[in-house]
Amino acid sequence: MKDLSYFQMRAFLYPREHDNQVELKLSELEQVWFCTLKNVKRKLRKYEEAGFYTYNPGKGRGNPSKLLFRRSFQHEIEGAVDEYIRYDQMEALMQLLQLPIPKSWIANVSEDVQALFGLQSPNSTKDVLRSIITRPLTTLDPAFTSITFESYLLQQLGDPLVRYDQIKDTVKPHLAHHWTVENNEKTWTFYIRKGVRFHHQRVLTSEDVRHTFQRIQDASPHKWLLKDVSKMECPAPNMIRFELDEPNPFFLRNVSCQNLAILPADVPFDEMQWIGTGPFRLKERSKSKFVLEAFDQYFLERPLLDDIEFWHVPMDHVQAVTFQVDGVEDSEFIQEKEDVEIGFRFLAFNFNRKSIVHHPSFRKAMYQLLNMKKMSYDLGREPLAESSSYFPWKSDAQEKDPSIIHELLNDAGYGGETLTVYSLDFPKPIDETVWFIKQAKIYGISMQHETFPIEGFYSNIIEKNADLVFMGEVASNDHHLSFLGAFYNDALLFRRMLKREHLTTIERHLDFMKREERFSEREQWIERIEEFIRKENLFIYMYHPTKRRTFHPMIKDIRFESFGHVDLRKLWIHT
């Protein structure tokens with residue numbers, strides 16, 4: 001079997017290959033293989049002796065060497081993929097899929113690749129769920145995590161003091177079994193369950209809670225959750241008291257946030273050895289996969305799955321991911337679940353840079369230009385759930401009048417300057433941005449497109465270089481807490497890109513909102529904020545994404561939790 005080094009070499013040389021022949025300098029392979037010239041020669045001889053090619057060394061200084069391969073590169077890749085699938089060699093397969101090889105080659109075997117994912121039962125005693133992630137994971141430090149999927153993983157690994165109950169719009173006990181409120185909602189005391197264990201087996205105490213909260217207060221974009229906390233004390237191992245500067249009836253909801261998942265005070269936080277109290281513990285993390293293992297000592301009901309494997313497969317190499325049962329034929333009674341995300345895609349303006357986006361008429365022109373009906377039609381998509389709000393049930397279709405765009409541009413004084421538009425380097429955002437730039441060109445607006453990887457979201461590249469940004473925001477199951485976080489979280493684009501005067505107005509409304517006891521009264525403040533955003537076109541609402549998933553009928557108890565993901569703690573297989 002050919003090893004990865006061989007495929008790395010061939011992928012590097014393929015763009016210049018002709019009729020299975022290629023010329024090269026040995027010094028090039030020193031960089032590909034990160035080894036000495038002596039080891040390069042040794043490897044080349046080894047692969048020749050294995051019959052992969054004929055090797056003709058260059059004669060004299062500066063003359064290239066030549067390789068004549070026995071088989072085409074495409075046939076070798078397809079053969080290797082078939083072999084890896086046949087012997088269930090996931091690590092080798094994932095490494096192969098990371099190489100820069102033509103997408104069309106993988107299309108022939110993508111269904112076979114996808115068949116490796118789903119619910120696996122390698123033996124009668126262990127159930128393993130395999131799923132696909134199409135990008136590298138960013139940080140899983142709860143002090144900094146602000147991206148949807150990573151926040152979802154935090155829910156599997158750790159627990160906050162309390163949990164929000166969406167159905168009843170209330171908070172229920174979790175790590176804390178009871179709490180009291182005194183001093184006009186300025187003193188909050190939580191009583192922690194006894195016998196709760198961390199993944200490294202130590203029992204949870206109030207000092208761990210204080211350590212976790214202090215860590216957030218010290219340096220975290222989520223420090224707004226604890227903004228009013230002026231004092232923390234631990235009168236007993238299972239008791240912690242918070243003193244607030246001001247009354248805050250919403251404080252209980254704040255401490256239900258997953259970013260306040262309790263970490264142990266006796267070990268430094270380590271991304272690669274994540275220790276919490278959650279239903280799953282981190283079993284393995286690498287560039288190719290992320291594995292969760294059921295935590296047998298979990299203080300609530302143990303998960304029904306034993307292991308969950310998330311494999312990194314490049315987006316171009318997979319089709320839509322489904323949850324299937326290994327070794328069971330497809331059924332005509334496939335379960336299909338579709339839901340509209342609580343959240344939206346939007347176009348943001350960068351008010352940190354000096355540009356035309358500061359002019360209200362230019363932003364109005366962009367509103368008229370960004371027509372969702374036309375975009376979905378031009379891109380060959382199904383009709384979109386247009387948004388005019390964070391929440392789908394509040395959104396209406398937006399009326400657009402492109403006939404006034406020229407007039408608005410003239411009023412703004414647009415002089416043809418080129419604006420930079422940023423988007424994630426994912427296919428859909430790229431397609432939408434390219435479409436938008438083409439529409440802008442019709443009206444004489446010059447724009448250039450730059451992309452950024454998801455791990456670049458936390459950098460300051462956007463504030464420094466972007467004039468406009470396409471991005472999205474998704475809510476947890478606590479919609480009101482998510483709405484607050486959208487504008488309070490220092491890591492998110494609204495806070496990073498809006499002007500201080502805009503944020504001051506929004507924060508004044510938020511301050512009233514979080515002090516309201518009743519759901520309906522908080523809703524009224526949300527409506528005031530969104531009306532201000534729409535009036536000023538501080539950002540432009542686009543659409544609410546729709547998620548579609550299919551499940552084999554043998555997979556039971558399919559439930560969805562925060563951010564629209566499957567509740568992994570409840571999923572099981574009926575045989």
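Predicted model: local features only at pLDDT ≥ 70, side-chain atom pairs only at ≥ 80, totals over all residues.

Residues are numbered from 1 along each chain as its sequence is written, and side-chain values use heavy atoms, with hydrogens and water left out.

Select residues 229–236, strand 10, and residues 239–244, strand 11: they run antiparallel, joined by five bridges. Strands here are DSSP runs of E, at least two residues, and helices are runs of H or I, at least four, both numbered from the N terminus; two strands pair if DSSP finds at least two bridges between them. Two residues sit between the strands of this hairpin. Now click Lys-231, whose bridge partner in strand 11 is Glu-243.

**Stop two: Glu-233 and Arg-241.** Show these side chains and you'll find a salt bridge, 3.3 Å from N to O (a side-chain nitrogen of Lys or Arg within 4 Å of a carboxyl oxygen of Asp or Glu). Side chains of opposite charge can pair when their charged atoms come close.

**Stop three: Arg-253 and Asp-169.** Here's another salt bridge, at 3.5 Å, N to O. Arg-253 is in helix 10 and Asp-169 is in the loop between strand 6 and strand 7, 84 residues apart. Is Arg-253 buried or exposed? Arg-253 counts as buried because its relative accessibility is 7%, while Asp-169, at 25%, is partly exposed (buried is under 20% relative accessible area, exposed over 50%, partly exposed in between, with a 1.4 Å probe and protein chains only).
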